[in-house]
Amino acid sequence: MAATLMRIWRGWTRRSDADAYETYLLRTGLVGYTGVEGNRGVHMTRRDVGDNTEFCLVSLWDSWGAVRSFAGEDPALAVFYPEDDRFLVDRELVVSHYTIFDST
């Protein structure tokens, strides 16, 4: 089954913390996303912006039910992990969702 929803979240670390946060995301976020039935993958990206590094996570989902299994009853709210406060200097508290109408 092809994914029908895309979920996008962004957060920012100090550039000096970027490598450690990337490692942390691979242990927490990646496992959190891919451990949910109905997840069709996640793209974890980063780029340096001034003194900070921006992380953008794009995940693909089969349904709103699958998104809720990951995010909880209000899928618009971002999901955070125990040590995020240690790394993040800014973060989106609300995520963006898009319906996928075509993909190649």
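Two residues are said to be in contact here when heavy atoms of theirs lie within 4.5 Å. The structure is a predicted model, so local features are taken only where pLDDT is at least 70 and side-chain atom pairs only at pLDDT 80 or more, while totals for chains, interfaces and linings use all residues. Residues are numbered from 1 along each chain as its sequence is written, and side-chain values use heavy atoms, with hydrogens and water left out.

Starting with the loop between H3 and helix H4 (84-87), that is where proline 75 is found. Leaving out residues up to four places away in sequence, proline 75 touches Arg7, Trp64, Val67, Arg68, Val95 and His97. Its relative accessibility is 9%, and proline 75 therefore counts as buried; the cut-offs are under 20% relative accessible area for buried, over 50% for exposed, and partly exposed in between (1.4 Å probe, protein chains only). From proline 75 to serine 96, 21 residues apart along the chain, the C-alpha separation is 9.5 Å.

Stepping back to the fold, the protein chain has four helices and five strands, where helices (H or I, at least four residues) and strands (E, at least two) are DSSP runs numbered from the N terminus. Their order along the sequence is β-α-α-β-β-α-α-β-β. The radius of gyration is 14 Å, close to the 13 Å that the globule rule gives for 104 residues, so the protein chain is as compact as a globular protein of that length. That radius is taken over C-alpha atoms, and the rule is 2.2 Å times the number of residues to the power 0.38. The C-alpha trace spans about 40 × 30 × 20 Å along its principal axes. Of the contacts in the protein chain with a separation of 6 or more, 69% are between residues 24 or more positions apart.

On to the inside: 39% of the 104 residues are buried. The largest nonpolar core has 20 residues, and Trp9, Tyr21, Tyr33, Phe55, Leu57, Trp61 and Phe70 are those with the most contacts inside it. At least two residues of this core come from each of strand E1 (5-14), helix H1 (18-27), strand E3 (52-61) and helix H3 (64-71). A nonpolar core, for the record, is a set of buried Ala, Val, Leu, Ile, Met, Phe, Trp, Tyr and Cys residues joined through side-chain atoms within 4.5 Å. Tyrosine 21, looking past its neighbours within four places in sequence, is in contact with Trp9, Thr13, Phe55, Asp84, Phe87 and Leu88.

Serine 59 sits in strand E3 and, at 0% relative accessibility, counts as buried. Beyond residues up to four places away in sequence, serine 59 touches Leu5, Met6, Arg7, Tyr33, Asn39, Gly41 and Val42. Arginine 10 belongs to strand E1 and is partly exposed, with a relative accessible area of 29%. With residues up to four places away again set aside, arginine 10 touches Glu54, Phe55, Cys56, Arg91 and Glu92. Its C-alpha atom lies 5.5 Å from that of phenylalanine 55, 45 residues apart along the chain.

Over in helix H1, threonine 23 is partly exposed, its relative accessible area being 45%. Threonine 23 and arginine 91 are 68 residues apart in sequence and 18 Å apart in space, C-alpha to C-alpha.

As for the surface, the protein chain has about 6,100 Å² of accessible area, with 51% belonging to carbon and sulfur atoms.

Definitions and conventions
Accessible areas come from the Shrake-Rupley method with a 1.4 Å probe; for residues, only the protein chains shown count as cover.
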